Amino acid sequence: SYVDVATLLPYKFVRHLEENKYRKDEYCLFDRTKNEATVIDTTEKAAHTKNVFKISPGIEDIISAYFLFRNINFDQKKKGDTITIDVFLDNVSHNFKLRYIGKEKIKTEDGKQTAITVVPIISGIKGLASGDTPIKAWFSDDPRKLLLKVKAQLVLGSLELALQKHEDRTKQQP
């Protein structure tokens, strides 16, 4: 994701996916004056495709949305507030919504720390997840807002992801 530091809006997004035999190589150029996203798929070397889509003025890509999220002042949010971020992904505009649950102490590899807790508001995954809020995420309550932990309730069990290790380069000496 290439982001304009003044507006925090992306002007280019590059995807390179490899999973087993599946491949996806594409890039998206955001034209903010025309409110258009041009997606150029280079997966097939012999036949590149180019498609243009209308977008909302403040739309993000999936990576720049995280950077935007990192700039939200959660001290000004109330429990239950919903945060909506327009995200362009897979040639479609999505209204990605998060419900702010509050701050809580959680156990991490670095010991107990205060975390910002959010729940994605997800529709259309009824066959995979279970419950009203199947996914819960915790971010560090500091300017970096590192993703510390994710829990998901699935139909066939549960999934938990946790940050194992990170390096704080701001404290390193040159």
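**Strands, hairpins and one buried serine**

Strand 1 and strand 2 (residues 10-19) pair in the antiparallel sense, over 2 bridges. Strands here are DSSP runs of E with at least two residues, helices are runs of H or I with at least four residues, and both are numbered from the N terminus. Two strands pair if DSSP finds at least two bridges between them. Within this pair, V3 has P10 in strand 2 as its bridge partner.

Before I go on, the basis of the model. It is a predicted model, in which local features need pLDDT of at least 70 and side-chain atom pairs count only at pLDDT 80 or more, while totals for chains, interfaces and linings use all residues. Residues are numbered from 1 along each chain as its sequence is written, and side-chain values use heavy atoms, with hydrogens and water left out.

Now the chain overall. There are 1 helix and 11 strands, and from the N terminus the order is β-β-β-β-β-α-β-β-β-β-β-β. Of the 174 residues, 30% are buried. Buried means under 20% relative accessible area, exposed means over 50%, and partly exposed is in between, with a 1.4 Å probe and protein chains only. The accessible surface is about 11,800 Å², and carbon and sulfur atoms hold 52% of that. That area comes from the Shrake-Rupley method with a 1.4 Å probe; for residues, only the protein chains shown count as cover. As for contacts, meaning heavy atoms within 4.5 Å, take those with a separation of 6 or more: 33% of them join residues 24 or more positions apart.

Back to the sheet with strand 1. It is an open sheet of 5 strands in the order 1-2-3-4-5, with antiparallel pairing. Strand 1 (2-3) and strand 5 (49-54) are its edge strands, each pairing on one side only.

K54 lies in strand 5. Is K54 buried or exposed? K54 counts as exposed because its relative accessibility is 62%. Leaving aside neighbours within four places in sequence, K54 is in contact with K34, N35, E36 and S93. K34 is 20 residues away along the chain, and the two C-alpha atoms are separated by 8.3 Å. The side chain of K54 also reaches the backbone oxygen of K34 at 3.4 Å. That is a polar contact: a pair of N or O atoms within 3.5 Å, where within protein one must be able to donate a hydrogen and the other to accept it, and residues adjacent in sequence count only if both atoms are side-chain atoms.

Next, strands 6 and 7. Strand 6 (residues 82-89) pairs with strand 7 (residues 92-108) in the antiparallel sense over 8 bridges. I85 stands opposite F96 in strand 7. The two strands form a hairpin with 2 residues between them. Most residues other than glycine have a negative phi. D90 counts as partly exposed because its relative accessibility is 48%, and N91 counts as partly exposed at 31%.

Now strand 9 and its two partners. Strand 8 (residues 111-121) and strand 9 run antiparallel, joined by 4 bridges; T117 has W138 in strand 9 as its bridge partner. On to strand 10 (residues 147-154): 5 bridges join strand 9 to it, again antiparallel, and K136 is partnered by K151. The hairpin of strand 9 and strand 10 has 6 residues between the strands, and K145 there takes a positive phi near 45°.

S140 is in strand 9 (residues 135-140). Why does S140 count as buried? S140 counts as buried because its relative accessibility is 1%. Which backbone nitrogen lies 2.7 Å from a polar atom of the S140 side chain? It is that of L146. The S140 side chain also reaches the backbone nitrogen of K145, at 3.4 Å. Not counting residues up to four places away in sequence, S140 touches Q113, T114, I116, K145, L146 and L148.
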